[in-house]
Every structure is written in structure tokens, then in C-alpha cells.
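Hi everyone, thanks for making time today. Please have the sequence and the 3D view open, and let's walk through a few contacts together.

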Amino acid sequence: MSELTDPDASAPSGHDSTQGFRPTAVAAVPLAAIGAAIGVAVPGASGSVQVTGISLNSRSVRPGDLYVALPGATRHGADFVSQAVDAGAVAVLTDDAGARLLALGHDIAVPVLLAHEPRNVVGRLSALIYQSRPDGAGAPALFGVTGTNGKTTTTYFINALLRALGKRTGLIGTIEILAGGEPIPSLLTTPESTDVHALLALMRERGLDAASMEVSSHAVSFHRVDAVVFDVAGFTNLTQDHLDLHGTMEEYFQTKARLFTPERARAAVVTIDDDWGRKLAATAEIPVTTLATAGADGAGPADADGTADWTVARTAPRGLGSDFVLRHRDGAELRVHTGLPGGFNVANAALATVMVLAGGHEPAAVQAALDAADPFTVAVPGRMQLVSTAPAAVVDFAHNPDALARALEAVRSPEPGSKVIIVFGATGQRDQGKRPAMGAIAARLADTVIVSDDDPHDEDAAAIRADVLTGALAAKDDEGLDCTVLEVFPRDAAILKAVELAGAGDTILVAGRGHEVWQEVKGVNLALDDRVELRNALTARGFTVLEDHRIES
């Protein structure tokens with residue numbers, strides 16, 4: 001599914017990844033209680049109908065479900081009510097438009113509830129039906145991470161640190177979903193609220209102690225985390241992205257800020273390296289612990305004005321990663337290491353550490369876990385993922401200007417004569433304003449810029465490349481940059497070209513798609529994994545690649 005618009009969850013195409021989300025035992029809720037919870041009339045004698053699940057997708061309906069028929073990007077969920085009822089739905093909740101569709105073309109044998117804005121109540125109903133976080137029930141401690149960049153890595157770091165502390169953990173995010181069983185591939189950064197609450201109930205049923213979750217701005221805008229209360233919410237940063245949805249940076253910020261309210265979180269850890277972080281820390285309606293990491297790249301002090309509760313200090317390189325000290329304003333210190341390259345991964349590791357502390361874990365126990373397990377060297381799929389060392393070949397998800405700049409700065413080798421070669425593009429049907437900016441950043445920070453295709457979706461791929469090339473060539477000419485700019489497509493050919501141009505002492509960065517294994521072109525999903533293409537191209541040229549172990553999660 002796309003996060004560009006509110007997804008049409010009921011459309012019959014695509015892959016349904018929700019089958020492993022639900023708990024095995026759900027106490028039935030009378031339809032009368034559901035109606036009362038949202039102030040909706042229940043017709044006739046239907047109040048005794050017993051509901052044991054809820055779904056927005058006709059393909060994932062199970063017997064006993066309430067099927068919520070919502071308007072989608074191209075179709076209305078009411079068009080699929082017959083399929084939902086055939087699958088066992090015992091009631092339908094829809095809006096005025098859905099009710100009109102049902103009146104015109106369907107003879108529905110189950111009760112239909114009518115709400116003006118049904119999406120706004122789905123989270124509340126999901127929490128009621130699944131009893132996902134009932135008071136006093138020992139539900140897993142829940143850590144939510146939001147921000148433009150770093151959400152995925154920070155949630156993996158939290159997960160790894162909690163496991164090092166002996167906790168049984170779950171994970172909900174961009175790459176996969178873990179609930180104490182086999183990983184479930186993820187289609188959205190944050191799943192729909194029906195699935196989120198089912199997952200939280202499943203985690204509680206399986207006896208998990210804690211869970212970490214990525215919370216995108218789309219998740220807040222589209223009500224995917226409604227009725228979820230995080231024990232600790234964390235903020236990484238805010239840079240240009242998703243303006244196709246939000247319009248302005250201020251609106252983007254305000255959407256993120258809605259997570260830091262008593263209805264959604266009990267406590268917060270906010271990185272105050274930029275103006276947005278400082279604004280959030282000053283305006284959040286819940287207790288806030290502040291973190292300064294701006295000196296994580298060694299460029300200067302992280303907290304020049306001394307206002308942060310925790311500060312990154314004494315950063316030093318070790319291997320590809322970094323050692324650093326996390327210092328509290330009272331003088332207490334923690335020694336931390338991350339094996340992932342770049343100052344931004346120091347920031348991610350620092351945020352994960354402070355969030356776990358804010359969740360109630362003692363500093364001494366956290367230090368012991370950091371020393372014994374090295375949790376922040378966990379590999380995160382497609383996030384600064386190393387494929388070979390000579391040349392250094394890295395796959396990263398960087399797909400906006402700030403992330404691209406940070407990734408390029410992180411992979412630059414200090415060895416004289418070492419070149420950086422980047423392969424990247426831009427996603428179709430997304431914020432077009434960032435395309436030339438990303439091209440310019442690549443021209444400034446790489447020696448060879450290879451512009452190729454990302455996921456064009458339904459947009460013309462050549463036009464997307466042209467936007468990126470315009471920024472790269474303008475920066476090269478206007479600023480007198482000594483770089484080479486190439487246009488090579490399709491993407492596998494661009495990766496092969498990068499390897500052909502690389503020497504053993506150079507660095508190849510393939511950016512933008514990270515862990516993704518499909519490229520969408522005009523509605524068709526083409527198999528394409530940057531890591532596989534890079535590994536094959538390196539092997540064909542006689543370079544040695546690293547073993548491809550299953551990513552630890």
C-alpha cells in the first residue's frame with residue numbers, strides 16, 4: 001500500500017499481511033456496547049450480535065468481525081460488503097456514502113451502523129474489541145518513535161537494548177513486525193489501527209514485556225494510532241519530507257506534535273538538535289526528557305547552552321562505528337558504542353538509550369547490558385547495511401535531502417584518493433520539491449553521481465530523473481564542483497555501472513530503497529533488491545562480499 005494517500009484498504013488487489021496479527025482468544029463484545037462506545041444507534045434487536053474482531057479489509061475478515069467500510073483512493077469499502085459478509089462479518093460500520101451504495105445495490109443480511117466519520121472511531125473500537133491495553137492487565141511497555149529520519153534504526157536499537165536487559169520484545173515498523181513469533185513483512189510504516197490493537201493484544205497474550213513502534217506522520221493523520229497510549233514517545237528530528245501530504249513544515253510538525261499529548265503518551269524523550277525539537281520540547285503536554293546529540297559527528301559540542309537533560313559527549317571512531325559518552329546534567333555518565341557508521345547513528349543510539357531509561361530501567365542495569373551485549377551493533381535491514389568492505393559498498397534508505405546528506409558524509413573515507421560513488425533517484429508521486437535539492441546534495445558530497453530510478457509509481461520515470469539531474473547539474477556548474485554526473489537506468493544497470501567505476505579503496509552508496517525488494521512501475525511490482533544487485537555486481541567484478549546472514553531483529 002502507498003502512504004501517499006489514505007489507502008483503499010478494501011480493494012481486492014495486493015497482499016494481505018494481517019493474517020498473523022490477531023490474538024487467539026477474544027471476548028465477544030455485544031454490538032450494543034460498540035454502538036454505545038461511539039454514540040451510534042444500533043438498529044432493532046441487533047444489539048445482542050456478538051463481535052470478536054474488526055477489519056477494514058474485506059480480504060482479512062474473519063467470522064465474528066465488524067467490517068468497517070471506508071472511502072478509499074479509488075473505491076469505497078461498501079463495494080466489498082458482500083465479500084466481507086460471506087467471510088463471516090456479523091455487522092458493518094460505514095458512512096453516508098457507504099450507506100447509499102449499500103441501499104442501491106446490496107441486500108445486506110447483517111446490521112449496518114452509520115457514523116459520520118467512521119475512520120475517527122476505528123481505533124477506539126479496536127481497543128474495545130481486542131482489549132489491547134486494558135488498565136491493570138500488565139500490557140507490554142510501549143515505546144513509540146517519530147521524526148523524519150532514524151525511526152526504524154531507533155526502534156531496532158530499543159528492541160536490541162531491551163532484549164539485552166532480558167525482556168521479551170515486540171517490534172512494529174517499516175521492515176517487519178515481530179510479536180514473539182515469525183517475522184511478518186510490513187507494508188506500512190505503521191499498520192492500520194485495527195492491526196495495531198490486534199498486535200498489542202497478541203503481544204500481551206504471548207507474554208511480551210515491551211514493544212517498540214515506528215509512528216509516521218501518516219499514522220497520526222490517518223488515525224492509525226488512535227486509542228494507543230505509549231509509555232514513552234521519542235522524537236528524532238524533522239526535515240523536509242511528506243510535504244505532498246502536509247503542505248508545509250509547520251503542518252508536518254503539528255502532526256508529529258499530536259503524539260506528545262496525554263491522550264497518546266505518558267512521557268517523552270525529545271532530541272533538541274534543531275529548532276523543531278526545541279519547539280516540541282517546549283510545547284509538549286507531557287513530561288519531557290531532552291537529549292542533545294548535535295555534536296555526535298565530532299563537529300562541536302552537542303549542547304552548547306547546557307539546557308539538555310542528556311548530552312552526547314566524547315565521540316570517538318571505533319571501526320566503522322563510534323564510541324561515545326552519554327552524560328546527564330547531574331554528572332552521571334553512560335558509555336555507549338554503536339557499530340553502525342555515521343553521527344546520525346550515534347544520535348539514534350543515544351535516543352534509544354534515553355528512551356529505555358525513561359521507561360523505568362536503572363542506569364546501572366542499562367550500562368551492564370550495553371557492555372555485555374553491544375546491542376547497537378545490530379544490523380538493520382537497508383539502513384547503512386554493509387555489503388562489502390573493499391570497495392566499501394553500502395545500501396541505505398536515505399530518500400530525503402537531510403538523510404542523503406548524512407549518509408554521504410558518513411561513508412566518506414578519510415583515506416587520500418578514496419572516491420564516493422552514489423546511485424539514487426527519487427520516488428514518484430511524492431514531494432517533488434526535494435528532487436533537485438537531493439541532486440545538488442549528491443553533487444556536493446559525492447565524486448560520481450549516478451541518477452537512476454527509485455519507485456516511479458505512476459509517474460514518468462524520465463521526468464523524475466530529469467528533476468534530480470537538474471539539481472545536480474546546476475550545483476556542479478554554479479558551484480564549480482569537481483564531480484561526474486551520469487544518468488543510468490534501469491536501476492540494476494546503474495548499480496552495475498557504479499561497481500565498474502569503483503576501485504577497492506572507494507565507497508559505493510546505493511540510496512533510497514533500503515530493504516525494499518519490489519520496484520513499482522506503472523502499477524507493476526518488479527523484483528528488485530539493491531543489496532542483491534550490489535552483491536551480484538561486486539562478485540562479477542571479483543570483489544569479495546560479506547556473508548548474507550539473516551538480519552538480527
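Let me start with a term: a salt bridge here is a side-chain nitrogen of Lys or Arg within 4 Å of a carboxyl oxygen of Asp or Glu. Before we use that, some ground rules: this is a predicted model, local features need pLDDT of at least 70, side-chain atom pairs count only at pLDDT 80 or more, and totals for chains, interfaces and linings use all residues. Residues are numbered from 1 along each chain as its sequence is written, and side-chain values use heavy atoms, with hydrogens and water left out.

So, salt bridges. Searching the whole structure turns up 27 salt bridges. I'll show you a few of them.

Take Asp371 and Arg335, whose side chains meet in a salt bridge at 3.1 Å, N to O. This pair links distant parts of the chain, with Asp371 in helix α12 (residues 363-373) and Arg335 in strand β17 (residues 333-338), 36 residues apart. Helices and strands, by the way, are DSSP runs numbered from the N terminus: H or I of at least four residues for helices, E of at least two for strands. How accessible are the two partners? For accessibility, buried means under 20% relative accessible area, exposed over 50%, and partly exposed in between, using a 1.4 Å probe and protein chains only. Asp371 has 48% relative accessibility and counts as partly exposed, while Arg335, at 51%, counts as exposed.

While we are on salt bridges, there is also a network: Asp455, Arg491, Arg513, Glu516 and Asp530 are joined into one by salt bridges that share partners. Keep Arg491 and Asp530 in mind, please.

Next, find Asp65, which forms a salt bridge with Arg22; their closest N and O atoms are 2.7 Å apart. Asp65 sits in strand β4 (residues 65-69) and Arg22 in the segment before β1 (29-30), so this pair ties together parts that are 43 residues apart in sequence. Buried or exposed, what would you say for Asp65? Asp65 is buried, with a relative accessible area of 1%, and Arg22 is buried as well, with 15%.

The next pair is Asp226 and Arg264, a salt bridge with the closest N and O atoms 3.3 Å apart. Asp226 is in the loop between α7 (217-221) and β12 (232-235), and Arg264 is in the loop between α9 (249-257) and β13 (268-271), so the bridge ties together parts 38 residues apart in sequence. Asp226 counts as buried at 10% relative accessibility, and Arg264 is buried with a relative accessible area of 12%.

Now let's turn to helix packing. Helix α16 (residues 491-501) and helix α17 (residues 530-540) pack at an angle of about 40°, their axes 9 Å apart. Axes are lines fitted to C-alpha atoms, for helices over the stretch in contact, and angles run from 0 to 180 degrees between N-to-C directions. Under 35 degrees counts as roughly parallel, over 145 as roughly antiparallel, 65 to 115 as roughly perpendicular and the rest as oblique; α16 and α17 are therefore oblique to each other. Which residues of α16 and α17 meet? Contact means heavy atoms within 4.5 Å. On the α16 side we have Arg491, Asp492, Ile495, Leu496 and Val499, and they meet Asp530, Glu533, Leu534, Ala537 and Leu538 in α17.

From α4, the contact uses Val122, Gly123, Ser126, Ala127 and Tyr130, and from α6 it uses Ser193, Thr194, His197, Ala198, Ala201 and Arg204.

Finally, a few single residues. Ser322 is in strand β16 (residues 321-328) and is buried, with a relative accessible area of 10%. Beyond its neighbours within four places in sequence, Ser322 is in contact with residues including Thr315, Val336, His337 and Val346.

Pro416 lies in the loop between α13 (401-411) and β20 (420-424) and is exposed, at 78% relative accessible area. Pro416 and Arg124 are 292 residues apart in sequence and 59 Å apart in space, C-alpha to C-alpha.

Asp107, in the loop between α3 (96-105) and β6 (112-114), is exposed with a relative accessible area of 78%. Asp107 and Ser82 are 25 residues apart in sequence and 8.7 Å apart in space, C-alpha to C-alpha.
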